[in-house]
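Subject: Structure for you to look at

Hello,

Here is the structure I said I would pass on. Please open it first and read the notes below with it on screen.

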Amino acid sequence: MPVWERSSTARVVPPARPRKLAKVPFVELADGRLQGVVSSGSDIGRVYVSSIAAGTYAFACSTNNNRPCGGARGTFCNHIRALVGEAVLQYGAERVARYLKAETPGGEPDAEALVSVMTGTRPAQGDTSAAAPVFSRFLRHLAYLELEPTTAPLPEMQWFPATRTAA
Amino acid sequence: MRTDLLTDPVDGLDEALAAVDAFDRVLVAGLLRPQPAQAAGLAALAHSVAGTPLASLVAEAADKAAAGAAGEDHLVALAAARTALMGSVHDALTDRVADATGRPRAERSTRDTPADTPGANVLAAARAWLCDLARAGWQGIDHELVSGAGPVVSAMLPDPRLRRQATLLDGFAAELAASCPGATLERVPVRRWADLWTRALLLTLPGAARTPAADTVTGRLLPLGVDVQEHATAVQAQVHAVLEPSDGSAPRLVRAAVSAPKPDTVVGAGLWQLLRPRMSLLGAAGEGRAVELDAMPVTAEGDLVWDDERARTGESADPFATARVILSTAADPVTAPLDRHPAGIAVPVLVEGYTAEREDDGPLTFTLAGHRLTVDTERVPAASPLTPEAVAASGACLGLLRWDAGEFVLQPLAVETTVRKKTVALHAGAWAGGTTDKLGARAEKAATDSVAVLRERAGKLLRK
Ligand SMILES: [Zn+2]
């Protein structure tokens, strides 16, 4: 077997790159979608749940109370564009492009090229049924901050070495 | 240190690992409809433990699994056999390390405390999920199967007694989720996922994860360095140190860990910020200070179960001085029987007088007395002044001796380099307690802002 396959500490998922969280507090590549939570520019109490499906680029955007986003008619709204931008910061453009199955012409993709490739296919507007599960994943994500640190040793963490190089 | 011993072959190692590999390949395709090659892999595992008390149990399990009819107990028996093999590999490697360092080994104290086994229901759910994984195989994983771990992890996380299981399952499931669907995987981390699966399955058994702090220690703690481990939603910092007991008994190597679950966007300096308030030792280690311990709880494996009330930060103590003066006489701790696995080997050593080399894209190596030791600079945490360049330019290195993928490697905890004819030390954990370094301070500020945003959101949304 090749060395990587024989390694107990082979790196499978690179760590997230640091980014500012105010605009887009939550981004993930999960359930076959790029999805996340985007802050409202005007109302601090409101957030938008935005997503793009891998492959079809079907997009959806609505508030956490399931009111449709006025900007997401016919094409990507600013929330979805912000989501792509922050996903590129967090995961690197290549990983986002690979997950969404979006091939950008030329070399290194960037957020702008990704958006233009996807909108260029005139993607359909998806339904907002994913909003509730995405929002509940965001809440679960936030709940991690509420958990107490412990000083009992976790020997299993030896399988998860720090990785200097981010995504 | 006798580095020549680290490159010498170890008797029986290849045979043991061949049996492990044979079983690990079985898990790639899964146990739903086993093929002849998988039956052979299962038989190889059973054969390897034929002379042990596990023999009949594992032989039966291998037969059932080869027929596509393995139940939970059978899969647990196979996991036990693999654990025993890895345990024997661990023992052979740690014997070799002890020969190389020439250090004494601590006696294992066999004091037992009553088993406390919380969470029977959720552990049973975890076991069922892991058995489904084994049936599907790594090539058969999909989002639906992998997401089954979610509710189990959510139920476990709030109970600190289930933190080991929760943290492992969470990290493992995240990797699997990022690798779905398994059918299109270009390559599979064969040994790693088999390790994690085996480990997780055994940790669902009553008493398997127990690490009672049956004793206490009093004396002076001299930190050597800080090792950081992390996955997307958890972090642990482990301080390696020499303890000089105040009763005048021989010095011994101990560890003190602090860990926390975390959102995946908390990284870099944010990790230190999460952990710092829970363990004053991080600050002391970062500043290079000794700590006076008064009746600090300790496990039989030499893990201090840290309590700030029982610690007082003392005078400055240079880790390199500790390493040069006391390390060679300090006894290495003994590993708990179930924790014996090569991935757990992390032995503090000091190496000096080497030639650092890097060939093309290859890893950095230190050559000592004609023998090469690979240096794993990737393991240094991101929020640290210790860079791969500094390691490559160093003249002395304090590190952890580890073993992975067939070879010993050195993980740097600190190095000494010469800058304008002066010796300068750089420590991986230098920023653990905070920093005035310009780059470090900027990273701290960014991390503080990120966590503040998340806490503000959590305050609004979680308590609605
Ligand atoms: Zn929108």
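Helices and strands here are DSSP runs, a helix having at least four residues and a strand at least two, and they are numbered from the N terminus. On that basis, chain A reads β-β-β-β-α-α-α-α along its sequence. That gives 4 helices and 4 strands in chain A. Please keep in mind that this is a predicted model.

Chain A

Of the 167 residues in chain A, 54% are buried. Chain A exposes about 7,300 Å², and 51% of that comes from carbon and sulfur atoms. Among contacts in chain A with a separation of 6 or more, 56% are between residues 24 or more positions apart.

The interface

One of the salt bridges found in the model joins E156(A) to R164(B), where the closest N and O atoms are 2.8 Å apart.

R199(B) is placed in helix α10 of chain B. Is R199(B) buried or exposed? Its relative accessible area is 10%, and the cut-off for buried is under 20%, so R199(B) counts as buried. The side chains of R199(B) and D339(B) are joined by a polar contact of 2.9 Å. Beyond its neighbours within four places in sequence, R199(B) is in contact with residues of chain A, including P155(A), E156(A) and W159(A). The contacts of R199(B) in chain B are with R164(B), L168(B), L338(B) and D339(B).

Other salt bridges

Over all chains, the count is 31 salt bridges.

R82(B) and D195(B) form a salt bridge with an N to O distance of 2.8 Å. R82(B) is in helix α5 (residues 72-101) and D195(B) is in helix α10 (residues 190-202), so this pair ties together parts of chain B that are 113 residues apart in sequence. Both R82(B) and D195(B) are buried.

R324(B) and E416(B) also meet in a salt bridge, at 2.8 Å from N to O. The pair links distant parts of the chain, with R324(B) in helix α13 (residues 319-325) and E416(B) in strand β12 (residues 407-419), 92 residues apart. R324(B) has 37% relative accessibility and counts as partly exposed, whereas E416(B), at 15%, counts as buried.

What about a pair within one helix? D449(B) and K445(B) both lie in helix α15 (residues 438-461) of chain B, 4 residues apart, which is about one turn of the helix. Their side chains form a salt bridge of 2.8 Å, N to O. D449(B) is partly exposed, with a relative accessible area of 35%. K445(B) has 51% relative accessibility, and because the cut-off for exposed is over 50%, K445(B) counts as exposed.

A loop in chain B

A106(B) lies in the loop between α5 and α6 (120-136) of chain B. Its relative accessible area is 25%, so A106(B) is partly exposed. Which residues does A106(B) contact, leaving aside its neighbours within four places in sequence? They are A331(B), D332(B), P333(B) and V334(B). A106(B) and P333(B) are 227 residues apart in sequence, yet their C-alpha atoms are 5.3 Å apart in space.

Regards

Technical notes: Residues are numbered from 1 along each chain as its sequence is written. Chains are lettered from A and ligands numbered from 1 in the order in which they are written. This is a predicted model: local features need pLDDT of at least 70, side-chain atom pairs count only at pLDDT 80 or more; totals for chains, interfaces and linings use all residues. Side-chain values use heavy atoms; hydrogens and water are left out. A salt bridge is a side-chain nitrogen of Lys or Arg within 4 Å of a carboxyl oxygen of Asp or Glu. Buried means under 20% relative accessible area, exposed over 50%, partly exposed in between (1.4 Å probe, protein chains only). A polar contact is a pair of N or O atoms within 3.5 Å; within protein, one must be able to donate a hydrogen and the other to accept it, and residues adjacent in sequence count only if both atoms are side-chain atoms. Contact means heavy atoms within 4.5 Å. Accessible areas come from the Shrake-Rupley method with a 1.4 Å probe; for residues, only the protein chains shown count as cover.
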